[in-house]
Amino acid sequence: MLTGKQKRYLRSMAHHLQPIFQVGKGGTNDHLVRHIEEALEVRELIKVSVLNNCLDDPKEIGAEVAADSGAELVQVIGKTIVLYKESKDNKKIELPTASRK
C-alpha cells in the first residue's frame, strides 16, 4: 500500500508520461492485463487512457486493472489512469520513505 507522500511523488513523475494503453468499448480483458503487467515490469509507472466510447467508469476500470495486474492505483483523473508496480528486475523508481518527526 502506498502512502500519500509516495502517491504524490509518483503523480509528479507520471505528469509528463503519455498513455501507452487505451481501454475502448470492449472494456478490459486478460490480453490487456497481460500487456500492462509486462509494461509495468519494464517501466514501473504507466498511464492508461479510457476512450470516450467506453461506457464503464474510469475509476472502476482503474481498480479492476490494478487488482488484476497486481499494481497500485496511483490516480484516476478524468479518463486517465496512473498505475505503479515495483519491478523485480528493472527497479528505477526509488519511493520516498515515511519520515518521523
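Which residues is Gln-6 in contact with, leaving aside its neighbours within four places in sequence?

View 1. Gln-6 is in contact with Met-1, Leu-95 and Pro-96 once its neighbours within four places in sequence are left aside, where contact means heavy atoms within 4.5 Å. The model is predicted, so that local features need pLDDT of at least 70 and side-chain atom pairs count only at pLDDT 80 or more, whereas totals for chains, interfaces and linings use all residues. Residues are numbered from 1 along each chain as its sequence is written, and side-chain values use heavy atoms, with hydrogens and water left out. Gln-6 lies in helix H1, which covers residues 4-14; helices (H or I, at least four residues) and strands (E, at least two) are DSSP runs, numbered from the N terminus. With a relative accessible area of 13%, Gln-6 is buried, a word for values under 20%, while exposed means over 50% and partly exposed in between (1.4 Å probe, protein chains only). Lys-5 also has its place in helix H1, but at 37% relative accessibility Lys-5 counts as partly exposed. The C-alpha atoms of Lys-5 and Gln-18 are separated by 23 Å, and these two residues are 13 residues apart along the chain.

**View 2. Leu-10 in helix H1.** Leu-10 is found in helix H1 and is buried, with a relative accessible area of 0%. Not counting residues up to four places away in sequence, Leu-10 touches Leu-2, Leu-45, Val-74, Tyr-84, Ile-93 and Leu-95. By contrast, Asp-68 is 20 Å from Leu-10, C-alpha to C-alpha, and 58 residues apart from Leu-10 in sequence.

**View 3. Helices H2 and H3.** Helix H2 (residues 30-43) packs with helix H3 (residues 58-69) at an angle of about 70°, and their axes are 9 Å apart. That angle makes H2 roughly perpendicular to H3, since 65 to 115 degrees counts as roughly perpendicular, under 35 as roughly parallel, over 145 as roughly antiparallel and the rest as oblique. The axes are lines fitted to C-alpha atoms, for helices over the stretch in contact, and the angles run from 0 to 180 degrees between N-to-C directions. On the H2 side, Val-33, Ile-36, Glu-37 and Leu-40 meet Val-65, Asp-68 and Ser-69 of H3. Sorted by class, this contact has four nonpolar, one polar and two charged residues; Ala, Val, Leu, Ile, Met, Phe, Trp, Tyr, Cys and Pro count as nonpolar, Asp, Glu, Lys and Arg as charged, and the others, Gly among them, as polar.

**View 4. Val-33 in helix H2.** Val-33 is found in helix H2, and at 8% relative accessibility Val-33 counts as buried. Asp-68 and Ser-69 are the residues that Val-33 touches, not counting residues up to four places away in sequence. Although Val-33 and Val-65 are 32 residues apart along the chain, their C-alpha atoms are separated by 6.5 Å.

**View 5. The nonpolar cores.** The largest nonpolar core has 16 residues, and those with the most contacts inside it are Phe-21, Ile-36, Ile-46, Val-48, Ile-61 and Leu-83. Such a core is a set of buried Ala, Val, Leu, Ile, Met, Phe, Trp, Tyr and Cys residues joined through side-chain atoms within 4.5 Å. Two or more residues of this core come from each of strand E1 (21-23), H2, E2, H3 and strand E4 (80-84), and H2 gives the largest share, four residues. Val-48 is in contact with Pro-19, Phe-21, Val-23, Ile-36, Lys-79, Thr-80, Ile-81 and Leu-83, leaving aside its neighbours within four places in sequence. A second, separate core has nine residues, including Ala-14, Leu-45, Val-82 and Ile-93.

**View 6. Ile-93 in the segment after E4.** Ile-93 lies in the segment after E4 and is buried, with a relative accessible area of 6%. Not counting residues up to four places away in sequence, Ile-93 touches Tyr-9, Leu-10, Met-13, Arg-43, Glu-44, Leu-45 and Tyr-84. Gln-75 is 18 residues apart from Ile-93 along the chain, and the C-alpha atoms of the two are separated by 17 Å.

View 7. Glu-44 is found in the loop between H2 and strand E2 (45-50). Although Glu-44 is not a glycine, this residue has a positive phi of about 75°. Most residues other than glycine have a negative phi. At 0% relative accessibility, Glu-44 counts as buried.
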